[in-house]
Amino acid sequence: MGQALCCVQVDQSYVAIKESFGKFEEVLNPGCHFLPWVVGKQIAGYLSLRVQQLDVRCETKTKDNVFVTVVASVQYRALADKAEDAFYKLSNTRDQIQSYVFDVIRASVPKLNLDDVFEQKNDIAKAVEDELEKAMSMYGYEIVQTLIVDIEPDEHVKRAMNEINAAARLRLAANEKAEAEKILQIKRAEGEAESKYLSGLGIARQRQAIVDGLRDSVLAFSENVPGTSAKDVMDMVLVTQYFDTMKEIGASSKSSSVFIPHGPGAVRDIASQIRDGLLQYSVHNRVLLLAIIQPINAIHPGF
C-alpha cells in the first residue's frame with residue numbers, strides 16, 4: 001500500500017477508509033484508487049477483513065470454591081459493509097472483546113461445580129459467543145467461533161484429582177486381583193475335593209479287593225486242608241503278613257529306624273506262642289503248623 005501521484009493501492013483482504021478534510025467519505029475496496037490529496041483527500045487507515053484470533057485467559061471460581069483459569073479462544077473479523085463502524089466506533093477491538101469474555105465466563109463458571117465445568121465447556125463457549133455476537137455486531141464485527149481451549153484448576157486441586165483417580169484405579173485393580181484369587185481358590189478346592197473323592201474310591205476298591213482275596217484264600221485253604229477252620233487260616237495269614245512287613249522294612253533303602261513294642265528276641269517268643277497254640281489242635285492240623293513254621297525258618301535260619 002502506498003500513495004504516489006495521487007494514486008493509492010489497497011491490498012486484497014483489506015479495505016481503506018477515505019477521508020476528505022478529516023471527514024469520512026467512503027470505503028475503498030482492494031485495487032488502485034485515485035486520491036487527490038492536494039484537495040484534502042487522504043487515507044485515514046486500513047482495516048483487515050481476515051479472521052483474527054484472540055486468546056483470553058480468565059481466572060474465576062467454581063461453585064465448589066475451586067479457582068480455575070479458563071482459556072477462551074475467540075475468532076472474529078470485520079465486516080466489509082460495516083467497515084465504517086468497525087474503524088471509527090472502537091478504539092481497541094481486542095480489549096473490548098476481552099472485557100465481554102471476562103464478563104460472560106465470570107457469570108457462568110461460578111454456577112457450576114468443577115467437574116461440570118469440564119463437562120459443559122461447550123455450553124460456556126456458546127454463551128460467550130452469543131454475548132459477543134450481540135455486542136460486537138453493532139460495531140461492525142462478526143464473531144466466527146468461540147472455543148474453550150483449556151481449563152486449568154489450581155495445582156493442588158489437580159494433584160488431588162490425580163490422587164483420587166489413582167486411588168480409584170488401585171481399588172479396582174485390588175478388586176480384580178481378589179476376584180482372580182477367589183476363582184483360583186475355588187478351582188483348587190474343587191480339584192482337591194475331586195482328588196480326595198477319587199482317592200477314596202481307590203482305597204475302597206483296594207480294601208474290597210483285599211477282602212475278596214482273603215475270602216478266596218480262606219475258602220481255598222479250607223477246601224485243600226480238611227479240618228481247618230476260618231480262624232486257623234486267618235491266624236496263619238496274619239503271621240505271614242507280619243513277617244513280610246518286617247522283611248520289607250529291613251530291605252527298604254529309605255528306612256532308618258523302626259520302633260516296635262518288643263525286644264529282638266520277641267520273634268522266638270511269637271513263634272513259640274504260635275507253636276504252643278497250634279499243638280493243641282488235633283493231628284490233622286499239623287499240616288497247618290508246618291505251613292506257618294516254614295516261612296519263619298526262611299526269614300530266621302536256625303529257628
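Let's start with Ser-73, which lies in strand 8; strands here are DSSP runs of E with at least two residues, numbered from the N terminus. Ser-73 counts as buried because its relative accessibility is 4%. For that label, buried means under 20% relative accessible area, exposed is over 50%, and partly exposed is in between, with a 1.4 Å probe and protein chains only.

A quick word on the source: this is a predicted model, where local features need pLDDT of at least 70, side-chain atom pairs count only at pLDDT 80 or more, and totals for chains, interfaces and linings use all residues. Residues are numbered from 1 along each chain as its sequence is written, and side-chain values use heavy atoms, with hydrogens and water left out.

Back to our serine. What does the side chain of Ser-73 contact? It makes a polar contact with the side chain of Gln-53 at 3.1 Å, and another with the side chain of Asp-55, at 3.1 Å. A polar contact is a pair of N or O atoms within 3.5 Å; within protein, one must be able to donate a hydrogen and the other to accept it, and residues adjacent in sequence count only if both atoms are side-chain atoms.

Now zoom out to strand 8 itself, residues 67-78. This strand is mostly covered, with 9 of its 12 residues buried. Strand 7, residues 52-61, runs antiparallel to strand 8 and is joined to it by 10 bridges; two strands pair if DSSP finds at least two bridges between them. Gln-52 stands opposite Tyr-76 of strand 8. Strands 7 and 8 form a hairpin with 5 residues between them, and Asn-65 in the turn has a positive phi of about 60 degrees. Strand 8 also runs antiparallel to strand 9, residues 141-153, through 11 bridges. There, Val-70 has Ile-151 in strand 9 as its bridge partner.

In which order do its 3 strands come? The order is 4-3-6, with antiparallel pairing. Strand 4 (23-28) and strand 6 are the edge strands, each pairing on one side only. Strand 3, residues 14-20, pairs with strand 6 over 7 bridges in the antiparallel sense, and Glu-19 has Gln-42 in strand 6 as its bridge partner.

Last stop: Val-39, in the loop between strand 5 (31-34) and strand 6 (41-48). Val-39 counts as partly exposed because its relative accessibility is 41%. Thanks, everyone!

Notes:
Helix = DSSP H or I, 4+ residues; strand = E, 2+ residues; numbered from the N terminus.
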